[in-house]
Amino acid sequence: MKYPRIIIDLKKIENNIEQIVRITKRESGCTTLALVTKGHCADPEIVKLLAKNPEVDFLADSRIENIKKYYDILGTDENGNLAGGKKSMMLRIPMQSELAEIVKYVDVCQVSEIETIKLLDKEAAAAGKIQDILLMIDMGDLREGLFFRDKEKIYEVAAEILTLNNIKLRGISVNMNCYGAIIPKEDNLSEFVGIAKEIEKRNGVVLDIVSGGNSGTMYLSDSGRLPEGITNVRIGESHLLGTESSYLGQVSGTELGTFILEAEIVEIQVKPSLPIGESGHDAFGHIPYYEDKGEMKRAIIAVGKQDVELDSMIPLDEKIEIMGGSSDHIILDITHCEREYKLGDIVGFRISYTGMLRTTTSEYVERIYK
C-alpha cells in the first residue's frame, strides 16, 4: 500500500452535500447553490457526487483547468453543455489571456474590471455566445471587486455592462473571509443586497443571482439569519469538511473526518528537543523557535510541507504533538503516546481546508475512497 495517502470518505461528503442543500435552499431561501471544487482540484469522484444531487445548480472553481475537467468527468449534452443540467461557475476574476477558454467552458464568471468585461464581450461575440457574468463587489475584505463605498462607480459600471450585446449581467457577487478575513454579517450583507436592488431600480432589470459569499456565510444560514435577498452562496469547505469558515464551527447535520491523511513512520529516535549549535534560517528561509523540553521520543513521517500544511494537521492520536517539518519530513513528539509506535507504522491526521487543498494538489499523495 502506498503512502502518504489521503482517505476520502464519500459517504460523509454526500451527507454533507445534502445538509448544505437543506440549510441554504430549503431553510434560508437561496434559489441557487454553487458547490466549489477547488479544495480537491475537481476530484472526479467528488464531482460525480455533486452532479448527482439535483439541487446543486453550479459546480464552481477558481481554475479553468479544473472546470475543463467537469466536461471529461460528466460528459456533455447534445448542445455541448455539461450533462445533467449542471452549470459551471468561475470564481477567480479572469485573466485576459484565458478569456477564450472562459467563453468555451464557463457558464457564469465573476468579473470586476470593465475593460476585461468588454474584451469578454468581444470574445463571446466571436464565439456566437452570450456570456453570463456576476459583477464583483468588495464589501471591505479588500480583495477583488468594485469598492462598496464608491456606489456611483458601481452603478455606472453596471449600466455600461447592460449596453454590451454579448454579455448578460446575471447579478452581483461578494467575497469575504479571505484577504482581510472580514466576516460576512447581517449588516454588510444587507448593504450588499441594497446595491443589487439599486442596480435593478436604476436600469429596470432583474438580477437573479445575488451571491452572498462562501462557507463563511454558513453560520448565518445555519441560524436562520442570512439576509433576505441573498439568492446564491458558493460553498466549499462546509460540504467538504463539515465546518464553516467564519468561526470554525461545525455546520448542523454535517460529519467531520471526511479527509484523513495517513503517513508512514521512517525513523524513531530519542533526541534533545533543542537543536544544538548556532541557529540560522531553516529550509524555507524562516528562523524557527524551539522550546527546550528535554529529551523526547521523536518520530519522522515521510510527508512534508510540499504535500500538506502542518498547521492544518490534527493527529488522530491526541497524545502526538507535531514539532515541525521540512519539504519531505514531519517530526512528531510521541513521548507521551500510549501506543508503542514502531518503524513502518501509519499515523493518521484529520486535516483542515488548507491541508486538503495541499494534499490533493500534490502528485505524491495517493487518493483512496471509502
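**Exercise 1. Classify R143 by its 43% relative accessibility, then find how its side chain meets that of E144.**

*Solution.* Start with the classes: buried means under 20% relative accessible area, exposed over 50%, and partly exposed in between (1.4 Å probe, protein chains only). At 43%, R143 is therefore partly exposed. E144 has a relative accessible area of 11%, so E144 is buried.

Before going on, a word on the model: it is predicted, so local features need pLDDT of at least 70 and side-chain atom pairs count only at pLDDT 80 or more, while totals for chains, interfaces and linings use all residues. Residues are numbered from 1 along each chain as its sequence is written, and side-chain values use heavy atoms, leaving out hydrogens and water.

Now the contact. The R143 and E144 side chains form a salt bridge, 2.8 Å from N to O. Shared partners also join salt bridges into one network made of E18, R26 and E55. The rule here asks for a side-chain nitrogen of Lys or Arg within 4 Å of a carboxyl oxygen of Asp or Glu. Applied to the model, this rule gives 25 salt bridges.

**Exercise 2. Which helices does the salt bridge between K118 and E160 tie together?**

*Solution.* The closest N and O atoms of this pair are 2.7 Å apart. K118 belongs to helix α5 (residues 114-127) and E160 to helix α6 (residues 151-161), so their bridge ties together parts that are 42 residues apart in sequence. K118 is partly exposed, with 36% relative accessible area; E160, with 31%, is partly exposed too.

**Exercise 3. Describe the largest pocket by volume, lining and class.**

*Solution.* A pocket is an open set of points on a 1 Å grid over the protein atoms alone, where a 1.4 Å probe fits and protein lies on both sides within 12 Å along at least five of seven lines; lining residues have an atom within 4 Å of a point. Its volume is the space filled by probe spheres set on the points, which are joined across faces, edges and corners.

The largest pocket has a volume of about 970 Å³. It is lined by 39 residues, with K38, E237, S245, Y353 and T354 closest to its centre. At least two lining residues come from each of α9 (237-241), β16 (346-351) and α10 (353-361), and α10 gives the largest share, four residues.

For the classes, Ala, Val, Leu, Ile, Met, Phe, Trp, Tyr, Cys and Pro count as nonpolar, Asp, Glu, Lys and Arg as charged, and the others, Gly among them, as polar. The lining then holds 14 nonpolar, 15 polar and ten charged residues.

**Exercise 4. Which strand gives the largest share of the lining of the second largest pocket?**

*Solution.* This pocket has a volume of about 530 Å³. Among its 24 lining residues, Y290, M323, G324, G325 and I331 lie nearest the centre. Strand β14 (residues 321-325) supplies the largest share, five residues. By class, the lining of the second largest pocket has twelve nonpolar, six polar and six charged residues.
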